[in-house]
Amino acid sequence: MQSQAATRLSLQALANLPSSVRKPAYEPADTRIGIVHLGPGAFHRAHQAVYLDDLLADHPDWAICGVSLHSTDVRNALQPQDGLYTLALLGEQSQLRVIGSIRELLCAREEPAAVLARLADPAVRLVTLTITEKGYCLAGQDLDVSHPDIVHDLASPSTPHSAIGYLVAGLRARRQLGLAPYTVLSCDNLADNGHRLRRAALQFAQRIDADLAEWIEAEVAFPCSMVDSITPATDDALRERVQSELGCVDAWPIQRETYTQWVIEDRFCNERPPFECVGATMSHDIAGYDRAKLRLLNGAHSSLAYLGSLMDLETVGDAMSEPRLAGFVGRLMRESIAPAIALPEGMDAGAYIDAILERFRNPSIRHRLSQIAWDGSQKLPVRLLSTIADALALGRSIAPLCLPIAAWMHFVRRQARNGVALVDPLNEVLSSLAVATTGDPDGDVAAFLQLDAVFAPLSADKRFMAALRAAYAALGNATPAAVTSALVAVHQAD
């Protein structure tokens, strides 16, 4: 338990922190707010705020105002700490670092006027968001005009509740004041995030002010981005470790793996921080980076999940400690996935794969294979089957790529036989199908291929059918020994 008498982390406490703790390389009080961020949760504070923390020593005009739309938790935890918080970087040699880039914290529900004033501040040239897909109030690709917050905001656009409402209200105020608009940068893990946000904002504006909508369409930039870093939830063990090492209390420390990636579309309508100076990648091919992450990182993750689960392994780290499985996944990325997909110009596929494998081996991150195995019917089409389709179009071998697909089928069968429900939207369909399978490769694969939601249009491709049957047969009775034999054989035969 934390001592009630312990000193609280603050600007005053910085000077007394141990030398082992990395502190801001600038005086936080000397910085000026240039960014408003909607949704200052753990991921933002572990990711984008850290990039800005690296910049502020040389570019002090890019400090952050963090705005929570509804919850007061972040504000109440960090405001007494002068906005400071501790980041634990998890690796073989973990390190604590105090981040000072968030200089103001507001709760829009309680301080709407202050939020709107900050959005209208000419010093603010960039608004960023991590509000999750739910926060965009979308229905498919369009704005959900029946969403309660959107209904309210359309009726009362000067007193918004939603992120979209605040973005448009801020832009409206700037237009009325004759100020340049701010760039709106989505940092959510959402494909095509900037375009989807722009569409929603325009649809909202069109319903309240056609001239404003025309101005936003012509003047405001909504760049896309891609973000990546594993950020485990804060727990009591982290709080206790931070207090022990800092010698003071941090009400809300956070933690993440050492690896981080931020790819930003280089399309801004106002000044921007020099993100490239602190490791971010500026690009015009965000879709290419999304594709690389989805196919290489997530495709390898799913491969580990299903093959590793059949081998009775528990975590990604456990799977990477099994030499044959680790070797298979490394070769799968280098020899089967990377050559079959269109990578962004200038991307070093080998270095990216090396980084993925190092992340998988990180002993400080316990990522359970059972969790990665969730929602396989939705994940496999985009993570692996899309790569198989591209490989077939290029005339490349798909035998290694089919092994994790076959492992998923065996995994579904095992769960059904054991009476374990799948965490999958097709649980009932899959369980019913799996119970009727017999272990015969021809019959079982044919039954699974009837799932058009998963396999169409590949289910009619004879090359895919043959390779998948061979992979299914190679896994035999799907015991750990059988899986090990299949891992060895697939690359020898390819």
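**Entry 1: D375**

I started at D375, which sits in the loop between helix 14 (369-372) and helix 15 (376-393). Helices here are DSSP runs of H or I with at least four residues, strands are runs of E with at least two, and both are numbered from the N terminus. I noted that the model is a predicted one, where local features need pLDDT of at least 70, side-chain atom pairs count only at pLDDT 80 or more, and totals for chains, interfaces and linings use all residues. For my own bookkeeping, residues are numbered from 1 along each chain as its sequence is written, and side-chain values use heavy atoms, with hydrogens and water left out.

What is phi of D375 near? I read a positive value near 60°, in a residue other than glycine. D375 is partly exposed, with a relative accessible area of 24%. The classes I use are buried for under 20% relative accessible area, exposed for over 50%, and partly exposed in between, with a 1.4 Å probe and protein chains only.

D192 belongs to the loop between strand 9 and helix 7 (193-208). Its relative accessible area is 39%, so I put D192 down as partly exposed.

Next came the peptide bond from A456 to P457, which is cis, with omega near 0°. Most peptide bonds are trans. I found P457 in the loop between helix 19 (452-455) and helix 20 (462-474).

**Entry 2: S186**

I stepped back to strand 9 (residues 183-186), where S186 has its place. Is S186 buried or exposed? S186 counts as buried because its relative accessibility is 0%. A polar atom of its side chain lies 3.4 Å from the backbone nitrogen of D188. A polar contact, in my notes, is a pair of N or O atoms within 3.5 Å; within protein, one must be able to donate a hydrogen and the other to accept it, and residues adjacent in sequence count only if both atoms are side-chain atoms.

Setting aside residues up to four places away in sequence, I listed L129, Y136, N193, G194, L197, P223 and S225 as touching S186. Contact means heavy atoms within 4.5 Å.

**Entry 3: H37**

H37 is in strand 1 (residues 33-38). I found H37 buried, at a relative accessible area of 0%. Which side chains does H37 reach by polar contact? One is the side chain of T128, at 2.6 Å. The side chain of T130 is also in polar contact with that of H37, at 2.7 Å. Beyond four places in sequence, the residues touching H37 include H44, Q48, I64, C65, G66 and V67. L129 touches H37 too, and L129 also turned up in my list for S186.

L78 is in helix 3 (residues 73-78) and is buried, with a relative accessible area of 0%. I checked L78 against D250: they are 172 residues apart along the chain, with C-alpha atoms separated by 8.4 Å. Leaving out residues up to four places away, L78 touches R45, G83, L84, Y85, L105 and W252.

W408 lies in helix 16 (residues 399-417), and its relative accessibility of 2% makes it buried.

**Entry 4: the whole chain**

The secondary structure comes to 21 helices and 13 strands. The radius of gyration is 25 Å, close to the 23 Å that the globule rule gives for 494 residues, so the chain is as compact as a globular protein of that length. I take the radius over C-alpha atoms, and the rule is 2.2 Å times the number of residues to the power 0.38. The C-alpha trace spans about 70 × 55 × 45 Å along its principal axes.

Buried residues are 55% of the 494. Of the contacts with a separation of 6 or more, 76% join residues 24 or more positions apart.
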